[in-house]
Amino acid sequence: MEGTARPLLCLSLTEPNLGACLDQVRAHRHLVDMVELRVDLLHPAHWGGIARFASECPLPALCTIRRTRDGGGWVAPEAVRRRLLTAAARAPFRFLDLESDLPAGAVPLPRHGPRIVRSLHDIAGTPQHLPALLRSLPRSGREIPKLAVTPHGCADLARIVGAAQAAPRPHIVIGMGDFGVPTRLLAAKLGSWLTFTSTGGRTAAPGHLDPHAMQRRYRFGAVGATTPVYGLIGNPVAHSRSPQIHNRGLAAAGVPGVYVPFLVDEAARFLDLAAALGVRGLSVTIPHKETVMDLLDRADRSVSGAGACNTLVQERGRWAGYNTDAAGFMEPLAAMLAGGRIRRATVIGAGGAARAIVWALREERVDVLIANRTLPRAQALAAQMDAEAVALTAPDLAQRIARYSDLIVQSTSVGMERHDAAPAAQDDPIAHVPLAGHEVVYDIVYAPPETPLLKRARAAGCEIVFGREMLLGQAYAQFHLFTGVQYPAAERRRLQEARP
Ligand code: NAP
């Protein structure tokens with residue numbers, strides 16, 4: 001294990017009894033390299049059984065008794081903890097975690113006992129002088145220093161990555177919490193000897209991901225020090241399905257790489273850090289789609305056309321910006337456009353998404369009517385794009401739309417799923433506009449899959465296009481920009497078939 005170039009994945013056991021902990025080991029041994037027995041999470045009745053656990057555990061085991069001040073669950077007296085650590089040092093554990101402030105001699109260590117992981121946790125923040133702190137931890141050449149701190153933004157994350165990459169190996173360096181997730185997924189880039197995972201509805205530390213997510217969604221076992229990194233920058237990012245779409249594509253295409261969600265407070269600071277992590281391409285989401293435009297070395301015309309940048313690609317060491325929302329929107333319409341079925345279209349909404357859509361349609365010489373709640377916004381966009389504008393409240397709205405009805409695009413947030421209630425029939429921004437059945441109706445809202453407008457359009461006999469298709473289309477276009485290869489057709493079919 002010591003010579004492994006790739007970091008190990010260590011499952012922190014979260015069950016309160018030893019039998020259930022062993023069950024967790026058996027259920028996940030195909031996904032992880034070793035386990036951590038968290039004695040602080042065990043019921044006291046099981047403390048006496050830890051030596052037996054060490055001899056029965058089918059994977060190498062690390063023993064840890066984490067105090068509450070370090071983010072653990074240990075609330076009993078320190079003297080009891082030291083007695084248990086002493087017992088663990090004599091048991092057949094391969095590794096034993098001892099904190100950096102534990103006085104020398106507090107836990108007598110037998111000559112051929114477990115290897116010591118010397119840890120320091122900061123659950124509140126990221127201390128200054130991380131490189132010196134990391135160097136100061138080991139008390140002998142055999143000890144493995146472990147630093148687990150809490151970043152509150154990209155500046156902290158950059159310091160953590162820098163300290164890890166500069167430190168002698170082996171070491172374990174972890175950023176806890178949401179900003180620290182990349183330090184776990186990209187442990188290989190930090191040179192970390194291992195990283196932790198936990199399961200069972202109870203995480204052993206903030207930011208832990210489930211072993212299935214680590215291996216299947218984030219390709220942990222396939223990520224080495226030189227693996228290209230792609231990702232999503234935004235705030236929030238945890239809900240995004242982009243990692244699943246891109247990582248499945250990378251695996252199916254046999255292209256080296258991993259796609260990681262990066263919670264980003266300041267895009268400029270993140271881009272400073274990107275080279276150190278080997279980042280080659282990024283998807284960009286709210287709130288950075290406009291701000292990254294100032295950070296580009298080169299902007300594709302899709303960026304100025306759509307007025308936003310949702311894709312960053314490293315091209316010869318420089319950042320090139322693209323917008324794939326327009327291409328993603330057009331993808332399901334390609335055959336209809338080529339066949340001349342769509343010449344005149346109505347776009348409902350005049351926000352960020354509408355801008356990319358109107359630009360894409362105008363590029364294809366489609367005549368466009370923009371219908372928006374706020375008329376001046378529609379008029380401003382129409383003036384830029386050489387289109388028509390109308391207010392959603394206009395008395396002649398139905399007649400105006402009827403003249404632009406080869407395609408009707410719904411691009412407002414109306415019809416979106418809310419946490420308190422499912423969308424109802426009135427969540428259709430053109431509820432009083434009749435549909436004849438010849439129109440193609442495209443709602444870019446993707447949750448719920450079928451919005452009230454799409455339900456009505458289906459019932460009227462219209463061809464309908466789901467928002468999910470735009471979402472996937474823009475991801476496929478990004479994949480191509482990132483890797484130079486098309487998103488694999490078989491995986492594409494699988495995603496398309498999963499649609500409602
Ligand atoms: P945005 O820039 O904030 O624009 C919102 C638009 O919705 C504006 O036109 C706004 O009209 C209109 N609107 C909001 N509430 C309304 C209401 N109660 N009645 C009538 N109109 C209303 O947002 P965006 O970025 O364009 O995104 C809009 C929607 O598209 C979101 O649901 C988003 O999830 C979805 N989207 C989907 C994809 C995809 O890949 N499928 C991609 C991008 C966006 P006013 O101008 O009058 O305020």
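## Basis of the description

Helices (H or I, at least four residues) and strands (E, at least two) are DSSP runs, numbered from the N terminus. The model is predicted, with local features needing pLDDT of at least 70 and side-chain atom pairs counting only at pLDDT 80 or more, while totals for chains, interfaces and linings use all residues. Residues are numbered from 1 along each chain as its sequence is written, and side-chain values use heavy atoms, with hydrogens and water left out.

## The cavity

The structure holds one cavity of 30 Å³ or more, a cavity being a set of points on a 1 Å grid over the protein atoms alone where a 1.4 Å probe fits but cannot get out, with lining residues having an atom within 4 Å of a point. The volume of the largest cavity is about 140 Å³, taken as the space filled by probe spheres set on the points. Among its 17 lining residues, Arg38, His121, Lys146, Met176 and Ala205 are the closest to the centre. Strand E2 (34–38) and strand E6 (144–149) each contribute at least two residues to this lining.

## Aspartate 97

Aspartate 97 lies in strand E4 (residues 95–99) and counts as buried because its relative accessibility is 1%, where buried means under 20% relative accessible area (1.4 Å probe, protein chains only). Leaving out residues up to four places away in sequence, aspartate 97 touches several residues, including Leu62, Arg66 and Lys146, contact meaning heavy atoms within 4.5 Å.

## Alanine 188

Alanine 188 belongs to helix H7 (residues 187–190) and, at 11% relative accessibility, also counts as buried. Apart from neighbours within four places in sequence, alanine 188 is in contact with Pro7, Val223, Gly224 and Ala225.

Notes
Buried < 20%, exposed > 50% of the residue type's maximum accessible area, 1.4 Å probe, protein only. 1 Å grid on protein atoms, 1.4 Å probe; cavity = no way out; pocket = protein on both sides within 12 Å on 5 of 7 lines; lining within 4 Å.
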